[in-house]
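Open your viewer and get ready to select residues. This tour goes from one stop to the next.

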Amino acid sequence: MKRNKSVLGLTYEVGSKDELTCFSGYEIIHSALKKFGVFDALKGGFGMKQRNRDYSEHDYFHTLLANFSTGGTVLDDINRLSEDKTFQQRFGFKNGIPTGNAVSKFLNHANETAVRKFQEINKETLLSILQTIYGSRKPAIRVLAFLDSSELEVYGKKFEGASKNYEGNKALRMHAIFLEDFLVSLRLYSPEGKYVTYGWEELLADLECIESVMKSEIHIMADSAYFDYEILNYIEKKGWKYSISLKKFSVFSEEAARIRSDEWINDYSSFEYTTTSSKEFYRVVVYRKEREPDLFDKYDYYCIMTNNRTLSAEQIFYRHSTKMGMENRFKDLLIDLNLHHPRQQSLAANQLYYQLAMLFYNIIKAIQYGKTKGHDFFLTIRSFLLKFIFIPGRFVKGGRKVKLRLAYFPGGLAALTNFLL
């Protein structure tokens, strides 16, 4: 143990033999990863080259999950865990933790096979989570799904698959489907020469895979970017419900302005819209809001297309309003895991990294659903980590047993026991 001189009456020490870690709460996430079979699924078979033979594919993936769990937002944050020997010994890093640079090189060996295998792992993990949470419950009448996308700006000239977005910057496009709080699908595409809705078939196919577990009517919400008759007809054939915002299309506002005054109830109404090509009928519900005195029109009109012909226009708008809360989940995902900008220059490497982010996100949500109550249930990922994971602790060995001695835990020992069971 090294000592420096006393400063202001306090003696500093470096190199203590106490087995301390800043992230003793990771025990919660580690136990959840084991419970849902993630470690078994990561044992190999991804076909990715490894520069350092001391580490397996499992070691690299576990390192990335540990980095997410301990608040890491870039690959270089992994390096701070390499100094935490207690963390490594307790959580199965027998050969230590590879550096952020080594993990980056490993990710650059990603290929389509590795990405697809990880997509399957995510699907099986989510099915296991949903079965655990909803399997013993009485099915809800309906569950809400949210379909959205976001452009991820990239920097540099060598980014594989990146092309110009609407503002002329290079970007990739991320698509996602949320079902309640869980991520059903997360896909990364090159937007070059493709519409915003590119890849929607894969997203909805992922949603179809978990339908049997929920045993409830699925209601899909999306904004006007997903107003596409091909998408709507696909959803219809699956027997799902949908509501799509139409705020970008003046033709629907013009139709709404022609609704007779006696057809409005509490400023809500609806009309049947007929396509010029297929001559099919679609229901459009409308909400009107009185605007400031105007020479041309007295109201602003907000329209939603839906295939639900049972609920009133007002009820459809009320249900669709929950989309705002689900949009916030999308923003929390991007902000808390720092996914606004891709990590690697290889498209496949980025796709694999984002699949890992999806896995981590669902594991945290599974813990919140199963173990938290009250305000803790609504914590963002970052807030959850700060409260339950970033806890100083010490591992004390005695005989054949190892004790985890935490400085504190929200709710005390009973709460900690609940989290680990």
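Select arginine 116: at 44% relative accessibility it counts as partly exposed. Buried means under 20% relative accessible area, exposed over 50%, and partly exposed in between (1.4 Å probe, protein chains only). This is a predicted model, where local features need pLDDT of at least 70, side-chain atom pairs count only at pLDDT 80 or more, and totals for chains, interfaces and linings use all residues. Residues are numbered from 1 along each chain as its sequence is written, and side-chain values use heavy atoms, with hydrogens and water left out.

A salt bridge is a side-chain nitrogen of Lys or Arg within 4 Å of a carboxyl oxygen of Asp or Glu. Glutamate 112 counts as exposed, at 55% relative accessibility.

Select arginine 90 and glutamate 27. Their side chains meet in a salt bridge (2.9 Å, N to O). Which of the two is buried? Glutamate 27 is, at 12% relative accessibility. Arginine 90 is partly exposed, with a relative accessible area of 37%.

**Stop three: another pair**

Go to glutamate 327 and lysine 323. Here the salt bridge is 2.8 Å, N to O. Lysine 323 counts as buried, at 8% relative accessibility. Glutamate 327 is partly exposed, at 23%.

**Last stop: a network**

Select Arg187, Glu202 and Asp206. A network of salt bridges links them. How many salt bridges does the structure hold? It holds 19.
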